[in-house]
Amino acid sequence: MPRKGMRSLLFQFSSPSNSISRYSISSPSRSPALTPRRSFNDAMIEQSIESAAAIVMKWNPDSSTYAKVTSMFYEDRNEAMQFIKRVNDLQKAMHLMVSEDSGFASDRLVYAQGLMEIAMKRLQKEFYQILSMNRAHLDPESVSARSSRCSTRSSTSADFDDDGTLDDEVQVVGDSIAEVEQVSSIVMEDLRTIAECMISSGYAKECVNMYKVIRKSIIDEGVYRLGLEKLSPSRINKMDWEVLDLKIKNWLDAIKLAIRTLFVGERILCDNVFSSSESIRESCFADISREGALLLFGFPELVAKSKKSPEKMFRVLDMYSSIAENWPEIESIFSSESSSIVRSQALTSLAKLGELVRAIVMDLEFSIQKNSSKSPVAGGGVHSLTLLSMNYLTFLADYGNVLTDIFADWIPQDKSSLEQIFFGSSDSDDSPTASAISLRMGWLILVLLCKLDSKAKRYKDVSLSYLFLANNLQHIVSKVRSSNLHYLLGDEWIAKHEAKVRQFAAKYEALAWGRVFDSLPENPTEKFSQEEVKEIFRNFNMAFQETHRKQKSCFIPDPKLRDEVKLSIGRKLVSFYGEFYRAQKAYAGAIEKPYIRFSPEDIGNYLSDLYFEPSDWASVSTSSPSSTSSSHRREPGPR
């Protein structure tokens, strides 16, 4: 007969206390008289009952004050193990009495059941005491953490110990750790022994309920200490971003501790205590951890369902990353069917966070397209839209692995065309395929470039339009090169757009300085008449003065591009003008020519001061070699 059936059958008889009073240990009527026909099993049953009665009655809390106030496992652990053994033997004896025609009277079976009830009551008491009094020793993960902290403190103190006391301190710390681990091991072994005895005796429900009540309170307290609280969607929506940001930061810290300490510690303990029954340990752990785990993994979903805003992006990515990185541990800790709701909640939060990221990126694209600023940037400088957008994208690129996962399903309408536009890849089978996140980032930058192209058309001076495009594209390329966007877009993308920067710069140079170049003859060394020379110099002077004056209000923020543009202009202008200047000086001899206003060195010095932003002028005025000549610093004009 199954144990539970046996137990229910025995409950039809008198109560345990009556059973014990009717059959005292020394009563001669406690068992049938010995006869030649009595079997060996009957003798073993009788012996098991008598042995169990002796130790069970000794530790009956209702029979003596000593038994009531003393813990059997703390007082005498060897006797506690003997108690468990006698109870297990009693349980086997009762099973034999029920399953075989042993010749025992039913009242003897009731007597054994009464002993079992007293024994279970005692073990419940011991189970409760061990769980309650050893909270600090019942988390193996915490023991490991304490060991790590002790080791860290010990190694840190080594820098300050010169008196040879370090070895002693290490020994003390090591002994302390070993002692803690030993106590933890003993406590878990005692709990497992009690649990196995109660479960095998048909008292699993009492044991499990006791365990759940105590351990759930510890998990709930741990969750509270981690700063996790139950929040409603309406409350999240009403929070200022600063408040919600603090709660997300706290959650990011909490999830690490919860998974690596709180839940994994309870998982280890449950597996140890209820190692004899997989179904019990799984359902027990699920019931204890479910509420706290759902609170932990439900918070990201609430955040994901709240109002969209660009500032949430990076915190949302942090949350997504935390769940994704810890998913193997989450799946392992909450692996059973009983805990499937926890896994489901974690996956739901992950999905909702991914949806929010995709929505915010889409909003970013729309915000770039709808940017309504109409005033041209002074001097053809970098637009604020470029600065803000590229800062945002470079921060996004730091989450490349996370974004790769989030945008894995993102497929543009014409992927091959986008690959051709962004990366110049062909449709051949041998060409590498760009990832979805690479295409997404490339698309966002393309949207930005198209918007900048429309803003460039607002300049009345066409040369400034090209300078504006060169400056902004250079800023974009620079940001890509110096960030993780480099790995997403690749060297080919950078090379392609650097070439475009040079094209824009060349067009700017031709349009802005074309009049100056055109004022000089095609053959600078050719001999001209005095009137022709005078006219050429006058035209050059006028063109250079006017162009220099206009270009002084233009800016090239990027030092590399600024030097390249000035070097290109200088190489053409100073070289070409220098040849003409020296040739005409040679033809004219030593005669002073008032219409020759600039030497080649003057031209070079005037060019060196161009394209700096106002904030750069302080460094220019103190570091430029040409600053030693005041005549080279003033604006070129009539003398």
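Tutor: One term before we start: a residue counts as buried when its relative accessible area is under 20% and as exposed when that area is over 50%, with partly exposed in between. Keep in mind that this is a predicted model.

Student: Ok. Is Ser 322 buried or exposed, and why?
Tutor: Ser 322 is buried, because its relative accessible area is 10%, and the cut-off is under 20%.

Student: Where does Ser 322 lie?
Tutor: In helix H14, which covers residues 313–325.

Student: And what does Ser 322 touch?
Tutor: Leaving out residues up to four places away in sequence, Ser 322 touches Trp 251, Leu 252 and Ile 255.

Student: What about Ala 324, which helix is that in?
Tutor: Ala 324 lies in helix H14. Ala 324 has a relative accessibility of 31%, so it counts as partly exposed.

Student: How far is Ala 324 from Asp 405?
Tutor: Their C-alpha atoms are separated by 9.5 Å, while along the chain the two are 81 residues apart.

Student: Zooming out, how many helices and strands are there?
Tutor: The protein chain has 27 helices and zero strands. Of its 639 residues, 48% are buried.

Student: What share of the contacts links residues 24 or more positions apart?
Tutor: Counting contacts with a separation of 6 or more, 79% are between residues 24 or more positions apart.

Student: Which residues touch the most other members of the largest nonpolar core?
Tutor: That core has 168 residues, and the ones touching the most other members are Tyr 211, Phe 274, Phe 297, Leu 317, Leu 396, Met 441 and Trp 513. Helix H12 (residues 241–273) contributes the most to the core, with 14 residues.

Student: Trp 513, then. What is it in contact with?
Tutor: Apart from neighbours within four places in sequence, the contacts of Trp 513 include Tyr 508, Phe 544, Thr 547, His 548, Ile 569 and Leu 607.

Student: New topic. How do helices H22 and H23 cross?
Tutor: The axes of H22 (residues 485–518) and H23 (residues 530–551) come within 7 Å and cross at roughly 145 degrees. Among the residues making the contact are Tyr 508, Trp 513 and Arg 515 of H22, and Phe 540, Phe 544 and Glu 546 of H23.

Student: What classes of residue are in that contact of H22 with H23?
Tutor: Eight nonpolar, three polar and two charged.

Student: Last one: how much accessible surface does the protein chain have?
Tutor: About 32100 Å², and 53% of that belongs to carbon and sulfur atoms.

Methods
Residues numbered from 1 in each chain as written. Predicted model: local features only at pLDDT ≥ 70, side-chain atom pairs only at ≥ 80, totals over all residues. Heavy atoms only, no water. Helix = DSSP H or I, 4+ residues; strand = E, 2+ residues; numbered from the N terminus. Buried < 20%, exposed > 50% of the residue type's maximum accessible area, 1.4 Å probe, protein only. Contact = heavy atoms within 4.5 Å. Axes fitted to C-alpha atoms, helices over the stretch in contact; angles between N-to-C directions. Nonpolar A, V, L, I, M, F, W, Y, C, P; charged D, E, K, R; others polar. Core = buried A, V, L, I, M, F, W, Y, C linked by side-chain atoms within 4.5 Å. Areas by Shrake-Rupley, 256 points an atom, 1.4 Å probe, with all protein chains shown as cover.
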